[in-house]
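Colleague: I am new to this structure. Could you show me how to read its pockets?

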Amino acid sequence: MDTSKSARPIPNGMSEPADPEASAEPMIKRAASIEQHAVDAGEGLSKSVLVGPDDGAPNLAIRRFELEPGGSVPKHTNEVEHEQYVLEGQYIVGIDGEEHTVVAGDSLFIPAGTVHWYRNDGDDPGAFICAVPNGDDTIELLE
């Protein structure tokens with residue numbers, strides 16, 4: 001039996017989660033070791049991967065995004081669902097043609113294939129946690 005912790009590619013381009021019977025190793029990743037990187041698809045958007053496949057997580061990735069004042073992400077879709085939790089700030093999230101103001105403590109579910117976008121009209125940065133399934137995620141920009 002293959003006990004590798006990495007995901008296995010399957011024909012549709014997604015990755016199948018690692019074998020659930022294989023034991024994943026516990027991990028603690030210190031804040032100082034996590035790098036924040038600009039996201040090309042957005043203006044004033046940056047991302048850090050808090051936990052993901054490179055850390056041995058077989059099924060999910062947890063990411064932290066920051067949206068600077070005046071920042072935005074154009075309308076787009078993703079092949080995978082998104083679960084999000086707003087950490088700080090206030091910003092606009094567009095989902096299927098409706099705009100919603102979100103603030104720290106709000107939670108969102110964006111199903112796979114749903115058109116969505118972000119805009120920070122405020123004076124303070126916004127930040128959120130986003131959990132997604134591991135595997136390929138094609139982002140289709142619509143603007």
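Predicted model: local features only at pLDDT ≥ 70, side-chain atom pairs only at ≥ 80, totals over all residues.

Colleague: What volume does the largest pocket have?

Modeller: Residues are numbered from 1 along each chain as its sequence is written, and side-chain values use heavy atoms, leaving out hydrogens and water. On a 1 Å grid over the protein atoms alone, a pocket is an open set of points where a 1.4 Å probe fits, with protein on both sides within 12 Å along at least five of seven lines; lining residues have an atom within 4 Å of a point. A volume is the space filled by probe spheres set on the points, which are joined across faces, edges and corners. Here, the largest pocket has about 290 Å³. Its lining has 18 residues, and Arg 63, Phe 65, His 76, Asn 78 and Ile 139 are the closest to its centre.

Colleague: Which element gives the largest share of that lining?

Modeller: Strands are DSSP runs of E, at least two residues long, numbered from the N terminus. S5 gives the largest share of the largest pocket's lining, with five residues.

Colleague: And what volume does the second largest pocket have?

Modeller: The second largest pocket has about 160 Å³. Its lining includes Lys 47, Pro 53 and Asp 136, and S4, S5 and S11 each supply at least two residues.

Colleague: How many strands does the protein chain have?

Modeller: The protein chain has 12 strands and zero helices.

Conventions
Helix = DSSP H or I, 4+ residues; strand = E, 2+ residues; numbered from the N terminus.
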